Amino acid sequence: MSPLSQGEIDQRPDGFIDAVFQDGADVRVPPSDLRRDDYVQRALRGGYPEAVRRSDPGRRGRFFESYISDVINRDVRQLTEIERTGDMRRLVNLIAASTSTLANPSNMASRLQVPATTIKRYLDLLDLVFITRRVPAWSSNNATRAVAAPKLLLNDSGLAAYLTGMSLKRARPTAPVGPILETFVLGELTRQLTFASSPVRLYHYRDRDQYEVDAVLESASGEIVACEVQAAETVRPEDFRGIERLARQLGDQLVAGIVLYAGQSPLSFGDRLRAWPISALWTLSPGG
């Protein structure tokens, strides 16, 4: 089962990728009526059609529980025989608790007391049944300090929220929702890759100096759009530090550096640097 994009849920255009690669940082981005809590609620809901239709958190939680149990006990076993399904379920819970961080199978094996070879096998299986996604690290010949580890996340932010207990609580302004919102945004971008008008690949960037960019979109021609996700309703110049580090390596190869944030107004932070409401992901269309 594939989650819906937010544009499909809202029945609005969601041509963010095409719009930015076609029109660059100067594409017209409408202000948003949504606030931080609105984005959090959308991330907690996720994109599975059955979850979207359930407004009650308890009923939505029962769907998520049934879904993950069916995938592990039925779908995975159709691919291969696994003796200890409980270990896979504990692995999924661990991934949910650390969604959108660098994949470290050895650390996972140590924490779960499971052989590293088993963890790697389970990760491959979870990718095959669309529970997880590994976003590869972006690098180039000029980016000699890039970290090669992929970023590991659940495909659906609602499932991640359920497995960590977040969807059963009333979201507070201080709740640690950053990883869930990042998972939501990366899931949205992943789904839009499937209908972009030309091939685009999704990466992340992080170097040994701890400069990072959550999403690096690279076209077949080598043009790049860099996106950082911020859960705050305000944006500071420091929020562009990772994008600016990457921009110095890319030069004219960078089409736009964008901070997607939980505020309402599109803002300019200099040449090709913009802060846009997260809703730009499903309100933009090429030439709009």
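A residue is called buried when its relative accessible area is under 20%, exposed when it is over 50%, and partly exposed in between (1.4 Å probe, protein chains only). The model is predicted, so that local features need pLDDT of at least 70 and side-chain atom pairs count only at pLDDT 80 or more, while totals for chains, interfaces and linings use all residues. Residues are numbered from 1 along each chain as its sequence is written, and side-chain values use heavy atoms, leaving out hydrogens and water.

Begin by selecting helix α8, residues 116–128, where helices are DSSP runs (H or I, at least four residues) and strands likewise (E, at least two), numbered from the N terminus. Within α8, colour I119, Y122, L123, L125 and L126, which are buried. Looking down the axis of α8, you will find these buried residues within an arc of 165° (taken from the directions from the helix axis to the C-beta atoms), so they line one face of the helix. On the face turned away from that buried side, select the exposed T117 and L128.

Next, display what covers the buried residues of α8, which includes α5 (57–79), α6, α7 (105–112), β2 (132–135) and β3 (151–154).

Keep α6, residues 85–97, beside α8: their axes, lines fitted to C-alpha atoms over the stretch in contact, come within 11 Å and cross at roughly 75°. That makes α6 roughly perpendicular to α8, a label given to angles of 65 to 115 degrees. Contact (heavy atoms within 4.5 Å) is made by D87, M88, L91, V92 and I95 of α6 with I119, Y122, L123, L125 and L126 of α8.

Key:
Axes are lines fitted to C-alpha atoms, for helices over the stretch in contact, and angles run from 0 to 180 degrees between N-to-C directions. Angles under 35 degrees count as roughly parallel, over 145 as roughly antiparallel, 65 to 115 as roughly perpendicular and the rest as oblique.
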